[in-house]
Amino acid sequence: MSSSPVSFPAPAQPYGRPPLRTVQVLGGAGAGSSAHVRSLTTGLAARGVRVTVCAPVAAEGEYDFTGAGAQFTPDAASALRAACAGADLVHAHGVRAGMRAALALRGGGLRVPLVVTWHGGTPEAPGPFGRLGRLLERHVARTAAVVLGASSDQVDLARLRGARDARLAAVAVPVTAVDGPEPVADADKTRAELGVVERPLVIAIGSLVARRGYSVLLDAARAWRALDPVPLLVIAGEGPLRAELSRRIEEEGLPVRLLGRRRDADRLLAAADVAVLPSRWEGRSLLAQEALRAGVALVATEVGGVPELVGNAAVLVPYGDPGALAGAVAALLGAPGRRADLAEAGRAQAATWPSEDETVAQVLSVYDELMERRR
């Protein structure tokens, strides 16, 4: 989803003496963590902190960390080790990034504090993959000087895995807005382009991977064929499940369109009647935040950090229950007054979330604390 960098007042003196040197490590190009690193980079650089972002090249192309004031380096192991060698502190985002950062620090024999933000993950999985995941989480939790959990359940998990210091640090995602002076007219134009002028529009946004719950969502869409008019479900995102989902849509005649990866997902969201988040697990969901901010009614699964994030401003259903998901969406489509109430509640809930400025200040306080320990 598109975003605009937040502006911070330039400091009179660079932060730290000399300026603090940090490396921000991304283990992938996930929208939530990448947007957070972009926002964090902007705030840190404005305060005089020197920032190097080590991430996939695709993430730099999408989020322009260099434009936010960072030095960018690709996420090759050798490049990460070199960046860490010149850092005062390393901050990894996600368990995978935390493991890579820990290996780089160990391989270089560096005694540099490691902060790891746990943006999200998955419930414990059975079999060897589950055991491997738990081993990775345990190693990262015990290696990090501080683990910052994006939701309370992440803090609890980090402590369960042996973190010495785990704290709640809700991640602020940049505020997005639909460009243009006439948002209603713009929404009408978007709906016309999608062919939903006379029918409801339901939207889901996120990568096409198993944990997103799109197979359950397609089951729900099958039930919506009985509605009049039949709503159109659009899914904005790309991933390994595209072929499987496309086959089901065609074979079952489902009222669903796969839009692929979109740079205007915020515009699509603003045009929707209902947003759906059918995931098996979510931490601090980007879609949930943007839906509530935009005043779009949200139906989401009651998993992970979602209940804590949305409060009473969304309709929550159990994961893996297509009947409950289909029924909740259908009920909202038939009740414009209820959607209006959720829109108002959503904006009020969003106002309680930390701002980007507050998020940067909290992270800086953690950095400062770790630097004081080293003096």
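Modeller: Start with Tyr63, which is buried, with a relative accessible area of 6%. Keep in mind that the model is predicted.

Colleague: What makes Tyr63 and Phe65 a stacked pair?

Modeller: Two values decide it. A pair of aromatic rings is described by the distance of the centres and the angle of the planes. Rings pair if their centres lie within 6.5 Å, and planes under 30 degrees apart count as stacked. For Tyr63 and Phe65 the centres are 6.3 Å apart and the planes are at 20 degrees, so the pair is stacked. The structure holds 1 aromatic pair.

Colleague: Where is Ser33, and why is Ser33 called buried?

Modeller: Ser33 sits in helix α1, residues 31-46. Its relative accessible area is 15%, and the cut-off is under 20%, so Ser33 is buried. Leaving out residues up to four places away in sequence, Ser33 touches Leu26 and His119.

Colleague: Now the charges. How do you know that Asp88 and Arg21 form a salt bridge?

Modeller: Side chains of opposite charge can pair when their charged atoms come close. The limit between the nitrogen and the oxygen is 4 Å. In the pair of Asp88 and Arg21, the closest N and O atoms are 2.9 Å apart, so the salt bridge counts. This pair links distant parts of the chain, 67 residues apart. Asp88 is in the loop between α3 and β4, and Arg21 is in strand β1.

Colleague: Is Asp88 buried or exposed?

Modeller: Asp88 has 17% relative accessibility, under the 20% cut-off, so Asp88 counts as buried. Arg21 has 36%, which lies between 20% and 50%, so Arg21 is partly exposed.

Colleague: What makes Arg261 and Glu62 a salt bridge?

Modeller: Their closest N and O atoms are 3.6 Å apart, and that is within 4 Å. The two residues are 199 residues apart in the chain, with Arg261 in the loop between β10 and α10 and Glu62 in helix α2. Arg261 has a relative accessible area of 56%, over 50%, so Arg261 is exposed. Glu62 has 23% and is partly exposed.

Colleague: How do you know that Arg248 and Asp219 tie parts of the chain together?

Modeller: First, the closest N and O atoms are 2.7 Å apart, so this is a salt bridge by the 4 Å limit. Arg248 lies in helix α9 and Asp219 in helix α8, so the pair ties together parts 29 residues apart in sequence. Arg248 is buried at 12%. Asp219, at 25%, counts as partly exposed. Salt bridges that share partners also join Asp165, Arg167, Glu369 and Arg373 into one network.

Colleague: How many salt bridges are there?

Modeller: A search of the whole structure finds 20.

Colleague: Why do you say that the buried residues of α6 line one face of the helix?

Modeller: Gln154, Val155, Leu157 and Ala158 are buried in helix α6. Seen down the axis of α6, the buried residues fall within an arc of 165 degrees, so they line one face. After α6 comes Gly162, with a positive phi near 105 degrees.

Colleague: Why is β4 called largely enclosed?

Modeller: In β4, 5 of the 5 residues are buried, so the strand is largely enclosed by the rest of the structure. Both faces are covered. Leu89, His91 and His93 are buried on one side, and Val90 and Ala92 on the other.

Colleague: What makes β1 and β4 a pair?

Modeller: Strands pair if there are at least two bridges between them. β1 and β4 have 5 bridges, in the parallel sense, so they pair.

Colleague: Which strands are the edges of the open sheet of 6 strands?

Modeller: The order is β10-β9-β8-β11-β12-β13, with parallel pairing. β10 and β13 each pair on one side only, and they are the edge strands.

Notes: Residues numbered from 1 in each chain as written. Predicted model: local features only at pLDDT ≥ 70, side-chain atom pairs only at ≥ 80, totals over all residues. Heavy atoms only, no water. Helix = DSSP H or I, 4+ residues; strand = E, 2+ residues; numbered from the N terminus. Buried < 20%, exposed > 50% of the residue type's maximum accessible area, 1.4 Å probe, protein only. Contact = heavy atoms within 4.5 Å. Phe/Tyr/Trp six-rings, centres within 6.5 Å; stacked < 30°, edge-to-face > 60°. Salt bridge = Lys/Arg side-chain N within 4 Å of Asp/Glu carboxyl O. Arc of directions from axis to C-beta.
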